[in-house]
Amino acid sequence: MDVTSLNENIDLLALAGELTTLKRVSRSGGGEWAGACPFCGGRDRFHVQPEQSRWLCRHCTDGKWQDPIAFGKRQSPNLPFRELCQQLARRFGGNLHEDVVQTTALRPVPPRPVYRAAVPPDDEWQARAFQIINAAKTALWSSAGERARAYLHSRGLEDETILHFHLGYETHKIVIPCVIEASGRRVIWYVKYRHAPGGKLRYSCLTGSQTAAIFHYDDLLVPEPHACLLTEGEFDCMIAHQVIGDVVPVATLGSVSTAPDVLTFGMAFVGKRALAVYDNDEAGKRAANLTRLTGRYERITLPAEVNGKPVKDVNAFALAGGDLYHWIEPHLQKAEEEPI
């Protein structure tokens with residue numbers, strides 16, 4: 001057996017499971033498990049993909065995937081490489097020839113491709129974004145923002161909700177920031193603009209924004225209930241939070257094409273059924289699959305019309321007089337009866 005075969009033979013899930021408790025957070029690629037890092041203790045940093053024979057910690061390995069032998073070496077740092085490989089080979093059903101171990105020690109196995117977890121924009125960008133957001137919030141509640149406030153009210157948003165989501169106003173556009181609380185610090189991941197109706201653009205983002213984030217992610221971190229609601233866009237998320245946020249956490253990936261970042265945000269879905277409601281249109285039907293975030297992912301749909309009015313999305317459903325509580329109740333009941 002050579003070292004490459006040894007890496008493939010090691011039951012990485014069993015090896016890591018001796019040091020930490022892991023829960024499956026995705027079924028794609030043969031499955032992915034996550035938990036507290038056995039080396040640094042970070043509770044949401046450690047990920048294992050046993051079918052791919054790799055693991056990482058966002059702190060210990062800087063988000064870079066490592067092979068099973070590297071895990072054994074970190075577990076037993078003072079053990080010579082040759083002896084470590086021999087022990088692992090004996091444990092996982094093989095014999096490693098002495099000359100192979102010596103050769104491999106001189107020529108390390110090439111590293112697997114690196115996947116880096118998504119990170120927010122840098123401090124310089126953060127400072128600029130905070131200035132933009134604060135100025136926009138002030139403008140929204142001034143006389144200059146009267147029409148913008150009227151627009152937000154026409155979308156069904158109450159003042160309390162507008163304040164909760166830090167909405168603001170710049171000339172001819174609504175400012176929608178994605179702010180996430182991290183380690184006691186507010187971090188901005190992106191700033192999105194909703195342009196005035198009738199223009200060439202509907203939405204755009206502040207240059208340098210990191211759109212791989214989950215809008216209203218903080219809401220998903222509560223341990224209960226057993227489900228969460230993922231909407232297609234920010235306005236859907238805001239109106240849903242306003243109406244049914246007391247019974248189900250609500251968030252959004254921001255668009256149907258956004259690819260979720262499982263390393264950064266996957267832990268929030270552990271133990272939850274993700275209920276995804278997208279727009280009743282072709283784009284909604286082609287929306288990104290969320291199985292990378294959670295193995296308990298379910299697409300749910302809105303009625304085609306309410307009170308004689310067509311329903312395109314959650315926001316339109318609420319504005320047409322639809323009962324979001326009545327609509328979501330059976331899905332929450334199912335999640336309660338079938339806990340993960």
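Modeller: H47 lies in strand β3, where strands and helices are DSSP runs numbered from the N terminus (E over at least two residues for strands, H or I over at least four for helices). This is a predicted model, in which local features need pLDDT of at least 70 and side-chain atom pairs count only at pLDDT 80 or more, while totals for chains, interfaces and linings use all residues. Residues are numbered from 1 along each chain as its sequence is written, and side-chain values use heavy atoms, with hydrogens and water left out.

H47 is buried, with a relative accessible area of 0%; buried stands for under 20% relative accessible area, exposed for over 50% and partly exposed for what lies in between, with a 1.4 Å probe and protein chains only. The side chain of H47 makes a polar contact with that of E32, at 2.9 Å. A polar contact is a pair of N or O atoms within 3.5 Å; within protein, one must be able to donate a hydrogen and the other to accept it, and residues adjacent in sequence count only if both atoms are side-chain atoms.

The partner of β3 is β4, and the two pair in the antiparallel sense over 4 bridges, pairing being assigned when DSSP finds at least two bridges between two strands. Together β3 and β4 form a hairpin with 4 residues between them, and in its turn S53 has a positive phi of about 55°. Across the pair, V48 stands opposite W55 in β4. From β4, R54 and L56 point one way, whereas W55 and C57 point the other way, and all of these are buried.

C57 has a relative accessible area of 0%, and its sulfur is 3.6 Å from the closest cysteine sulfur, in C37, which is too far for a bond. For C60, too, the closest cysteine sulfur is in C37, here at 3.7 Å and again too far for a bond. A search of the whole structure accordingly gives 0 disulfides, a disulfide being a pair of cysteine sulfur atoms within 2.5 Å.

In α3, which spans residues 68–75, P68, I69, F71 and G72 are buried. These residues lie on the same side of α3, because they cover an arc of only 155° around the axis, the arc being that of the directions from the helix axis to the C-beta atoms. What covers them includes α1 (3–9), α2 (12–17), β3 (46–49), β4 (54–57) and α4 (81–91). At the start of α3, a side-chain oxygen of D67 comes to within 3.2 Å of the backbone nitrogen of I69.

Among the contacts in the chain with a separation of 6 or more, 55% come from residues 24 or more positions apart, where contact means heavy atoms within 4.5 Å. Elsewhere in the chain, an open sheet of 4 strands has the order β10-β9-β11-β12, with parallel pairing. Its edges are β10 (250–252) and β12 (297–299), each with a single partner strand, so one side of each is left without a neighbour in the sheet.
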